[in-house]
Amino acid sequence: YGLVGSEMCIRDSLTYSNFKDLPSSLQTNVPALRHYFDLAPGKKLNFIIVDADEVSMAEVVSDWLHILIDGCGGEIRFVAIDSVQEHSILVANITDANSVANYHAIKYDPVIVFLPVKFSTLMPDLTTGSANRVGVFVSETGKEAGLLLGRLATTPVQRHIGRVKDGAMPITEFMIGDKKAEEADDRVAEVVAKGYITLGTIRGKSGYYYETQPLATDPSGDYAIISNRRVIDKAVLIAYQTYVNELKDEIEIAADGTIAPGVIKHYQGLIENAINLQMTANGNISRARAYMDAAQNVLSTGKIEVTLRILPVGYAEEIVVNLGFTTSLDE
């Protein structure tokens, strides 16, 4: 099985920044690598190749993912497996991959894991799940792992991976089962409805684009799409980096036992300034606001809580133009 991750620094792994520098055997035998560097030339890529005859997919998901993430020193944000699995083992692997990702997220090392699966009418419905750190992409060969990581490596956290302005994928054919995507609108619609990441076509445009960007969870949740998860993960890391310097500092308490107003303004201002500088100014979010309850019992708990509310950007998934004749253009 091939484990492929973007922007990683794994100990004792293979590390390259350009396709031409890869050994010829990898250039020939691992097409995901070519696709990655087609989209992200110069972007460092670390990866581990394991023997499919000796390592099961379950071991890849539960063990080797830990090896990749632990070896990164907190730098990995997304990782994909380029070995295709059948739908029959998908649910178990999603559960294991999400557990691995959640384990690291608690340690302020958030990642998203992407798993490939072959098309089948028996593919499970992912919209009934709760794995909001795992995405499943339709792939007959696994090479699309490189496309997905390459797109993620070169786009800001808030960007939809199917953004048309970013161009089509650098491939000439995408299969869904035994049919080309342009000849299988029904299959594309089916996997999209079931919560899978897939490429498709757009009328009037050449090439293939990502249809949607779901994670393997209820689509009504806050973290049901890749970009929302990436935005929140970035905000979490900024919040951690902002407040870690405040740990064990003195907290002024007012005469009535509440937190002093100046302290509240200080803590709210710290995170709002950091988020606005690193995210709002870069277009990652629309705006953010922090709130801190003055009535928290810091003297008893030794803990303070700050609530950060983030207004994300929106996406024009569909544009409807209403046309018609009129006798006047006056409003």
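**Salt bridges.** I looked up K20 and D21 and found that their side chains meet in a salt bridge (3.3 Å, N to O); the term requires a side-chain nitrogen of Lys or Arg within 4 Å of a carboxyl oxygen of Asp or Glu. The model is predicted: local features need pLDDT of at least 70, side-chain atom pairs count only at pLDDT 80 or more, and totals for chains, interfaces and linings use all residues. Residues are numbered from 1 along each chain as its sequence is written, and side-chain values use heavy atoms, with hydrogens and water left out.

I noted K20 as exposed at 66% relative accessibility and D21 as partly exposed at 40%. For these classes, buried means under 20% relative accessible area, exposed over 50%, and partly exposed in between (1.4 Å probe, protein chains only).

I then turned to K118 and E86, whose closest N and O atoms are 3.8 Å apart in a salt bridge. K118 lies in the loop between strand 5 (112-117) and strand 6 (130-131) and E86 in the loop between strand 4 (78-81) and helix 4 (90-106), so the pair ties together parts that are 32 residues apart in sequence. Helices (H or I, at least four residues) and strands (E, at least two) are DSSP runs, numbered from the N terminus. I read a relative accessible area of 30% for K118 and 40% for E86.

A further salt bridge joins D166 and R163 at 2.8 Å, N to O. Salt bridges that share partners also link R133, R229 and D233 into one network. I recorded a count of ten salt bridges by this rule.

**Whole chain.** I counted nine helices and 14 strands in the secondary structure of the protein chain. The C-alpha trace spans about 75 × 75 × 40 Å along its principal axes. Of the 331 residues, 44% are buried.

**I285.** I located I285 in the loop between helix 8 (261-280) and strand 13 (287-291). I285 is buried, with a relative accessible area of 3%. Its C-alpha atom is separated by 4.6 Å from that of P312, 27 residues apart along the chain.

**Y240.** I placed Y240 in helix 7 (residues 226-243). Y240 is partly exposed, with a relative accessible area of 38%.
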